[in-house]
Amino acid sequence: AQHFLARMKTHEALGAFLATNEDATLAQARAADARIAAGTAGALEGVPLAHKDIFVTTDFPTTAGSKMLEGYRSPFDSTVVRKLAEAGMVTLGKLNCDEFAMGSANENSAFKPVRNPWDPTRIPGGSSGGSAVAVAARLAPAATGTDTGGSIRQPASFCGITGIKPTYGRASRYGMIAFASSLDQAGPMARSAEDCALLLSALCGPDPDRDSTSLDVPAEDFTRSLNDSLDGLRIGIPKEFFGEGLAPGVRAAVDAALKEYEKLGARLVEISLPRTELSIPVYYIIAPAEASSNLSRFDGVKFGHRARDYTDLLDMYKKTRAEGFGDEVKRRIMIGAYVLSHGYYDAYYLQAQKIRRMIADDFQQAFKQCDLIAGPVAPSVAWKLGEHGNDPLADYLADIFTLPASLAGLPGMSVPAGFGEGAMPVGLQLIGNYFAEAKLLNAAHRLQ
Ligand code: GLN
């Protein structure tokens, strides 16, 4: 813990951390030492990690990357944080992210951008950009992230690390500040598939009293099949993931990884996910709709920011929200409120829900032909800070390959595949059927 606390300070310019609390970290580390000495060590006793600042914590402030929650301190720990602490892990601090996890570049953090350690003029990806950078720059051995539409997989890809989003409902959302509740899912980001497997085994599991959407599936030991043979494994290659718009360097790295799989005994089969393109409009209707509802709780009354000068209650709400939320968050609230409004609900929200179901069905068709699916995580490598300027659509379009699995609730991961344009890292995306995390981690581990 001392090593990482020191390293964090010499790498502050990367912008990965939003909060630290050395006393709390060292107290946790000493408690871990005592448990080791007493012979009562947990599975991950004494291993440090850092949490995306979307998980509420008692030992550190929690902001969700927003001014709205500046200085907020939760009275409880989120379930994921609690479970990892129970396994013995030591928290190093809280990691920068896009405001309320809305973004693909970490440029929507209300506090500071995060820089990619491979090239500090480039973005790290988002929204779990701080998590990916902390691991890539060795500021922490592991981190938590959340993935609503790609926020674990895409920054993992852009920073050359490994990250997995489990099946929706595997991990409890209790204490994870809500963005889009039907999509939000927690997962680990680490240096290898093996580390991810250790972390995932500790953080998953039912939480029936606190998250009604957590699934009644017992926690698993995801390390058990890491070394299984891939002989005869059928890997589906969705042709829609390899069309124009895919950077040649990304394509070459992904192709090279697929060749490796063939050498390991796997067979590549062409499949189709025909509604891949539609996942963008569908996601950017459903996620803002849910966000507009979830964020209504930030009204200046119960917690977080409250405007100073106001005339009456309505004026207080308006000023609080105008001051507390950043542009992207406001944009999503407006889109969400619009698509849910009387007269537009049927045309937008309902229609999007129907196509979401079709996207999930397309995957089930595909899984008749293959055991898992592989392709790029994103169409390009990490872009330059500011490159997308004031064009939010450029960010949205870059989510095309991560959104389908999110909408279907399927597990997905990013595993380093090589390097593309600008010698920047490229991740290979692996998508599995429901509860196939062990198979994903096995395939990822064999590639490493
Ligand atoms: N980039 C997507 C968005 O902005 C996904 C973010 C996420 O997964 N949290 O909504």
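Okay, hi everyone. Two bits of housekeeping. Residues are numbered from 1 along each chain, following the sequence as written. And since this is a predicted model, local features need pLDDT of at least 70 and side-chain atom pairs count only at pLDDT 80 or more, while totals for chains, interfaces and linings use all residues.

So, what confidence does the predictor report? pLDDT is its confidence in each residue, on a scale from 0 to 100. The chain has a mean pLDDT of 97, with 100% of its residues at 70 or more. For the complex, the predictor gives an ipTM of 0.98 and a pTM of 0.98.

Now the overall build. There are 14 helices and 11 strands in the chain; those are DSSP runs numbered from the N terminus, helices being H or I with at least four residues and strands being E with at least two. Along the principal axes, the C-alpha atoms fill a box of roughly 70 × 65 × 45 Å.

Of the 448 residues, 55% are buried. Buried means 20 or more other C-beta atoms within 10 Å of the residue's own, exposed means 12 or fewer, and partly exposed is in between, with C-beta atoms placed from the backbone. Contacts are C-beta pairs, again placed from the backbone, within 7 Å. Among contacts with a separation of 6 or more, 75% link residues 24 or more positions apart.

Next, strand S11, residues 425-432. 8 of its 8 residues are buried, so the strand is largely enclosed by the rest of the structure. Pro 425, Gly 427, Gln 429 and Ile 431 point one way, and Val 426, Leu 428, Leu 430 and Gly 432 point the other.

What sits beside S11? Strands pair if DSSP finds at least two bridges between them. S10, residues 412-419, runs antiparallel to S11 with 7 bridges, and Gly 412 stands opposite Ile 431. The two form a hairpin with 5 residues between them, where Gly 422 in the turn has a positive phi of about 65°. S9, residues 372-376, is also antiparallel to S11, with 5 bridges; Gly 375 partners Gln 429, and Ala 374 partners Leu 430. S9 itself has 5 of its 5 residues buried. S7, residues 234-238, runs parallel to S9 with 2 bridges, and Ile 235 is the partner of Leu 372.

Last stop, Thr 63, in the loop between strand S2 (48-52) and helix H3 (79-86). Is Thr 63 buried or exposed? Buried, because 26 other C-beta atoms lie within 10 Å. Leaving out residues up to four places away in sequence, Thr 63 touches Leu 18, Asp 53, Leu 69, Glu 70 and Tyr 72.

Conventions. Two residues are in contact if their C-beta atoms, placed from the backbone, lie within 7 Å. pLDDT is the predictor's confidence in each residue, from 0 to 100.
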